[in-house]
Amino acid sequence: MRNYLFGLILLACAGTLSANQDSDFLAARQAFQTGDAKGLDNYARRLQRHALWPYVEYYQFRMVLQSTDIATIRNFLQRYEGSLIADRLRADWLKMLGKNQQWQLFDAEYPLLGNQDTELLCYYYQRRLSAQDKTALTDARSLWSTPTSMPDSCTPVFQALISSGQISQQDIWTRIRAALEEGQTGVATHINRYLPSNDSLNSADLNNAAKNPQRYLETLKSKIRTRSDREIALFSLLRLLRNDTNPAYVQWLKIKDQLTASDRSYFLGRLGHRAAMRHDSRALDWLREAQNTTQPYPPSDTVLAWQIRAALRVSNWDEVLKTINRMSLAEQQVDTWRYWKARALKAKGEALEAHNILIPLSDEHSFYGQLAREELGTMLSIADKAYRVSNSEVIAMDRKPGIQRALAFSRMNLRTEAYREWSWTVRNFSDPELLAAAEVARRHGMYDRAINTANRTVSQHDFSLRFLSPHRETLKKVLRQHELDEAWVYGLIRQESRFIADIKSHAGAAGLMQLMPATAEWVAKQLGIQNFRQNIVVDVNTNLQLGTYYLKHVLGTLDNQPLLASAAYNAGPGRARRWRDNTVPLEGAIYAETIPFNETRDYVKKVLKNSMYYAKVLDHGNDSPTLKQRLGVVRAAK
């Protein structure tokens, strides 16, 4: 008994020491963030045995990096070689070296870097240009096409590209247009400085168009004469188009004759794109017209994707097939378009060619991989691909320094740092190592890391780790009250929160089922919960009670279809209803694919895919519905 009590005392002391050291680390981190070098040094003295000591050293180095000698920096890099913290310090050092044009040291360290960003990539191109590398400009040209702001280190590279003629005046206007299409007026203005002053974007007109595009277009009348006038007019039309199709179309009809054939093709493509997103019956006509001009503007894969979706809504399989074949080769390999190409071929009676696409697709663990299986008449099966790691493998994985650092960050609720450290540590793991790491994460309650890590396996899988089922007894009690499908609810929770009980989104959604404050309060009133407070929403039992009640309510108002209810849970019931066709029923997969919001479209597919795997992992038997049955047919709105 005495030894037992002594052991308990030791454990208690160790726990207190760990908690104190965690507090010291958080204080050291705060001192670093506020530039308090003296405070950082004071805390550092007490943290040399902490799992995150390398970070404390990194903080100290960063405070004095400019004045630190090369040997000291390299000593740190050698001691922690292969770690995330060494890579971070190397990146910081390289940026300093690039800025100071210390190319000899830069050349030695740059090849050793793991995480590369655009700022460093531009320093790398600067170095190659300084060494008269004739291929540098060709390699760097791809950086020009981004519509977003670029680091200052890219400016000398861009200037060299323009001076050499690798970037033409037309290329500059193309990037300005891309920036304006994304609403990045500041970026467009910045790019504008590369143009001659007598042939550049009119900043005053651009500001007026950004403030009130309708008024700008109404005062434009027949004044479109220069390239600047045309680009700002197109920008104004796109601004209107973001809110509604018809006002933009009315203004378009007034000015289209003043635009070039290429400009007209460009706008018609964007008009058709937005109309397709709104399920407007005119979309396909506009998209076709965009390409039937004397100077067709090259459509992006995004525009083509919505042309395909518009064609799916009207079962125009010829259009589906033709448009998929116009996409970039890389985009054509996306599982979405391989599936719909196979369906189009099948609809045209080309079954053999369709099967040649569906067979390899059916091996993929995705929404469309499952649909491909069912199209081939094969049901989902996971038993033949189960892999279990041994306890000794898990213990060995738990001891790895990178894993220990990630666990320490997680313990202190520093989720971003935990995510980065974990992702770096497992980046080159084999399948067995990934599964051992996933099991470590599961045992420590890092369910999101467990799922994401198990998801990365290539040939050896453990679907019980990919599709974890925490809190099952609690959930079962709640589900019995509402008669909801356990596999579907688990599929939804997995997508909402990855089972992080106390997580809160930027929008304010909280807990396992990510309830918005207003929704939680409404449900609490329906359930008669007295003295309801928002802080109890993250409690597991409370969150599941509130979330499943709301899910059942939404399901009941949307034809008891999990597809519609899943869309409604993410984007709201009103939108889920509006996305139906007005006159004809829609195949569930087509409804899902034509959801306008990227986030909701991806969410719905993943929830329903998850449901299929959970039905297998939770052993719901052979009577569990197929994915096509879960998707169903969505009745017409009228």
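**Close-up views of the predicted model**

**View A. Buried residues of helix α3.** W53, P54, Y55, V56, E57, Y58, Y59 and F61 are the buried residues of α3 (buried: under 20% relative accessible area; exposed: over 50%; partly exposed: in between; 1.4 Å probe, protein chains only). Helix α3 spans residues 53–63, and eight of its eleven residues are buried, so the helix is largely enclosed by the rest of the structure (helices: DSSP runs of H or I, at least four residues, numbered from the N terminus). The model is predicted: local features need pLDDT of at least 70 and side-chain atom pairs pLDDT 80 or more, while totals for chains, interfaces and linings use all residues. Numbering starts from 1 along each chain as its sequence is written, and side-chain values use heavy atoms, without hydrogens or water.

View B. One aromatic cluster is formed by F25, F32, Y55, Y58, Y59 and F409 (rings of Phe, Tyr and Trp, the last by its six-membered ring, pair if their centres lie within 6.5 Å; planes under 30 degrees apart are stacked, over 60 edge-to-face, the rest tilted). In the whole structure, a search finds 31 aromatic pairs.

**View C. Stacked pair F106 and Y110.** The rings of F106 and Y110 are stacked, at 5.3 Å centre to centre and with 15° between the planes. F106 and Y110 are both buried.

View D. Y490 belongs to helix α31 (residues 486–497) and Y614 to helix α37 (residues 598–617), so the pair ties together parts that are 124 residues apart in sequence. Both Y490 and Y614 are buried.

**View E. Arginines over tryptophan rings.** The charged end of R175 sits over the ring of W144, 4.7 Å from the ring centre (CZ of Arg or NZ of Lys within 6 Å of the centre and within 35 degrees of the ring normal). R427 lies over the face of W424, and its distance from the ring centre is 3.7 Å.

**View F. Packing of α12 and α14.** Helix α12 (residues 203–211) packs with helix α14 (residues 227–243) at an angle of about 10°, and the axes are 9 Å apart. That makes α12 roughly parallel to α14 (roughly parallel: under 35 degrees). From α12, the residues D205, L206, A209 and A210 make the contact, and from α14 the residues are D229, I232, F235, S236 and R239 (contact: heavy atoms within 4.5 Å). By class, the residues of this contact are five nonpolar, one polar and three charged.

**View G. Surroundings of Q307.** Q307 lies in helix α18, which covers residues 301–313. Q307 is buried, with a relative accessible area of 4%. Leaving out residues up to four places away in sequence, Q307 touches L284, L287, E319, T323 and R326.

**View H. Asparagines with positive phi.** N531 has phi near 55°, a positive value in a residue other than glycine. N531 is placed in the loop between α32 (517–527) and α33 (540–557), and it is exposed, with a relative accessible area of 67%. Phi of N560 is also positive, near 55°. N560 is in the loop between α33 and α34 (562–571); N560 is exposed, with a relative accessible area of 52%.

Terms used: Axes are lines fitted to C-alpha atoms, for helices over the stretch in contact, and angles run from 0 to 180 degrees between N-to-C directions. Helices (H or I, at least four residues) and strands (E, at least two) are DSSP runs, numbered from the N terminus. Angles under 35 degrees count as roughly parallel, over 145 as roughly antiparallel, 65 to 115 as roughly perpendicular and the rest as oblique. Ala, Val, Leu, Ile, Met, Phe, Trp, Tyr, Cys and Pro count as nonpolar, Asp, Glu, Lys and Arg as charged, and the others, Gly among them, as polar.
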